[in-house]
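Try each task on your own before reading the solution.

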Amino acid sequence: MANLAGMGAILDGNGTAFRVWAPNADSVAVNGTFNDWDETSHPLENEGNGFWYTYVAGAKAGDEYRFIITNGEQKLSKIDPYAQRVTNSVGNGVIFDHDAFDWQGDTFETPHHNNLVIYEMHVGTFAAEDGVGTLESVAKGLDHLTKLGVNCIELMPVMEFAGDYSWGYNPAHIFAVESAYGGPDALKLLVREAHKRGISVIVDVVYNHFGPSDLDLWQFDGWSENGKGGIYFYNDWRSSTPWGDTRPDYGRGEVRQFIRDNALMWMDKYHVQGLRYDMTPYMRSVNGSGFEIPEGWTLSRWVNDEVHKAHPNAILIAEDLHGVHEVTSDGAGGAGFSSQWDTHFVHPVRAAITEIDDANRKVPSVVDAVMYDYGDAFARVIYTESHDEVANGKARVVEEIDPNDNGNWFAQKRSTLGAALVLTAPGIPMLFQGQEFLEGDWFRDDVPLDWDLNEEYHGIVRYYRDLIRLRLNTTGVSKGLMGQNTQVLHAHPDNKVFAFHRWMDGGPNDDTVVVVNLANKLWTGYRIGMPAEGAWTLQFNSDSKIYSDIFNGTPSFDVTSDGHDQDGMPASAAVDIAPYGVLVYTRK
């Protein structure tokens, strides 16, 4: 019988083939529950290229296994690097049958990237009850997200990690789904149920380092240099990362294939719509600011091309945070990502909404944040909260505004002003779990969301819902928020008023105007330039009392722009806008 293709444990209906890369091994065997853990009865044959292979008749899904590797006097028992399931991070690999899951005909297609609102979540805390949260508990919480209106969830890493509590950015086994979260079938169930509700799924992947804890890849076949990690890692100065000496060797073909296979696994086997790569600067440099590891950059491009070849609509997001335009370029020299987290938006906007003194609030900085452009309006992901922005010495926006009272008027008004910018500015908007009901404090992996706040601040939840509906053009009147085009209509550094125009093709039910008041001052009859004469319908008034009993309820109305030019625009209109208010108008 010809050797089966693939890596790890390869099921064929009559048994299981095993293949592993161990170029420095003298011998390799596989043992497990199928042979009573005998270390000699099933040796692997050297295929002559560093790979070892055998076939075990009768080995079936659910059987546990390990590889026994000898190198000189060393005898090593290792978990399969390609293990699709493990008992735990220091346990055994488990033969897993991906074809056994019932997808119930799932054929969900990735939406166009201008039609996404992302909700970043941490499985362990999103809907935890007793102990760590699970993928099943997230699935039970999907109804909340459906009502909120988000159509994409981004899962912080679900790769098997050390212990049960973690952010997930310490992957021990990158092909296995975290056992404490429920394992591979639980992730499939979540994806399937999300798709039934029209919700896409993105998973975070970590390729800038592995581990460092519970890392069976370390000196996998017994070889290493300079006391470093062996065949899967750099064994010189390039190994160093902020998380340990565990940077993968992006120059080795087998390691490149390992990472490429992993990226495609999430798409092919779990039906997800995209990947978000953790801290990509550390794939191309040791300290995250250089370019001395070019093979890390070319690896990203190759993997991204391979994913897009198989899944043309996949969304591949880089957490790069350096504003490097080539990250999202698919031209020569580009890394080929679809979009990147944008530091040009989050930092100036957070600075503006957390600043105490209105006099110090910088309108030009907010204008620049809204208008920053990578050549495609949706080549950036914009947000005011993410897992990084609400931890590591920072906190939730409401906590930054007032650590003593997260629900006071200032915290509510300015945090939601930031959210309004996220949901109306050009870019792919992203929220972080609990942001929609003013979750306070800072993010930790062992503190679950306080779901009582969802009821207490149900009006704020509605605020987010109403803006999401406009952003996704749910009622067919705000197509411009999905368009490529943005222009500044008005920006007054002293009055702290900023207005901008979004459009796709232009015209009725497309042209959308957003007016933002960055000061604690009521403006009535405030005139701003408008892109065209005619009637404009007020679709959203952030100061409405339906959103919060402590809001002022400042009345604002539909307007008609006349032919009086202003701000370089051919028309203008007078608006009434509340302190820290946001108005959204669409053209009739």
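**Exercise 1. Pairing in the sheet**

In which sense do strand 2 and strand 5 pair, and over how many bridges? Keep in mind that you're looking at a predicted model.

*Solution.* 
- Start with strand 2, residues 15-21, and strand 5, residues 51-57. They pair in the antiparallel sense, over seven bridges.
- For a landmark, find W21, which sits opposite F51 in strand 5.
- Now go to strand 1. Four bridges join strand 1 to strand 2, and these two run antiparallel. Here L11 stands opposite T16 in strand 2.
- Finish with the turn: the hairpin of strand 1 and strand 2 has three residues between the strands, and G13 takes a positive phi near 105 degrees.

**Exercise 2. The largest pocket**

Find the largest pocket: which residues are closest to its centre, and which element gives the most to its lining?

*Solution.* 
- The largest pocket has a volume of about 610 Å³.
- There are 25 lining residues, and the closest to the centre are G6, M7, Y82, Q84 and K269.
- Two elements give two or more residues to the lining: strand 1 (8-11) and helix 5 (253-270).
- Helix 5 gives the most, with eight residues.
- Sort the lining by class and you get 14 nonpolar, five polar and six charged residues.

**Exercise 3. The nonpolar cores**

Which residues have the most contacts inside the largest nonpolar core, and which element gives the most to this core?

*Solution.* 
- The largest nonpolar core has 142 residues, and L135, I153, L155, Y207 and W266 have the most contacts inside it.
- Helix 5 gives the most to this core, with nine residues.
- Apart from this core lies another one, of 19 residues, including A499, W536, L538 and A573.
- Now zoom in on L155. Skip its neighbours within four places in sequence, and L155 is in contact with M121, V123, L135, L187, L190, V201, I202, V203 and D204.
- As background, nonpolar side chains in soluble globular proteins tend to be buried together.

Key. Residues numbered from 1 in each chain as written. Predicted model: local features only at pLDDT ≥ 70, side-chain atom pairs only at ≥ 80, totals over all residues. Heavy atoms only, no water. 1 Å grid on protein atoms, 1.4 Å probe; cavity = no way out; pocket = protein on both sides within 12 Å on 5 of 7 lines; lining within 4 Å. Points joined across faces, edges and corners; volume = space filled by probe spheres on them. Nonpolar A, V, L, I, M, F, W, Y, C, P; charged D, E, K, R; others polar. Pairing = 2+ DSSP bridges. Core = buried A, V, L, I, M, F, W, Y, C linked by side-chain atoms within 4.5 Å. Buried < 20%, exposed > 50% of the residue type's maximum accessible area, 1.4 Å probe, protein only. Contact = heavy atoms within 4.5 Å.
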